[in-house]
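Reader: I'd like a close look at one part of this model. Keep it brisk, and give me the cut-offs as you go.

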Amino acid sequence: MVYYAVKVLLSAVLIVLVTELAKRSTLAGALIASLPLTSLLAFVWLYWDTRDASRVAGLSIDIFWLVIPSLALFLALPLFIRLGWGFWSSLLAASAVTVACYGAMVVVLRRFGVGA
């Protein structure tokens, strides 16, 4: 139980760090948020739990391919906001665009036999 609490605590600290830095400097917050810290933690937790480096390698490749559609969020959100949409509607629409891009990427990856 302590192990899971540590995992949750470390993950939460990263989120708080990003938001607190972004209050002072969006660039500093963006720098920390753009680092693959979540992925690094996932690699460590997965390896710790399974001792299987090949699973970590597979996770790394799958993350690589799925980063591509996630970029849609960072383009769509400011676009909708600049179009005069409110924050919440922009966030919802940008999230929907991102989900659609993820769906398209999964279809493409499966067609080419990439990923699980």
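In which helix is the place of D62?

Author: D62 sits in helix α4, with helices being DSSP runs of H or I of at least four residues, numbered from the N terminus. The model is predicted, so local features need pLDDT of at least 70 and side-chain atom pairs pLDDT 80 or more, while totals for chains, interfaces and linings use all residues. Residues count from 1 along each chain as its sequence is written, and side-chain values use heavy atoms, without hydrogens or water.

Stay with D62. D62 is partly exposed, at 25% relative accessible area (20% to 50%; buried is under 20%; 1.4 Å probe, protein chains only). Y102 lies 40 residues from D62 in sequence. In space, their C-alpha atoms are 12 Å apart.

α4 covers residues 53-82. α3, residues 37-50, packs against α4. The angle is about 155°, and the axes (lines fitted to C-alpha atoms over the stretch in contact) are 9 Å apart. That angle makes α3 roughly antiparallel to α4 (over 145 degrees).

Which residues meet? From α3 come S39, A42, F43, L46, Y47 and T50. From α4 come A53, R55, V56, L59, S60 and I63. Contact here means heavy atoms within 4.5 Å.

One more site: S90. S90 belongs to helix α5, residues 87-111. S90 is buried, with a relative accessible area of 0%. Set aside its neighbours within four places in sequence, and S90 touches L77, F80, I81 and W85.

Conventions. Axes fitted to C-alpha atoms, helices over the stretch in contact; angles between N-to-C directions. Helix = DSSP H or I, 4+ residues; strand = E, 2+ residues; numbered from the N terminus. Parallel < 35°, antiparallel > 145°, perpendicular 65-115°, else oblique.
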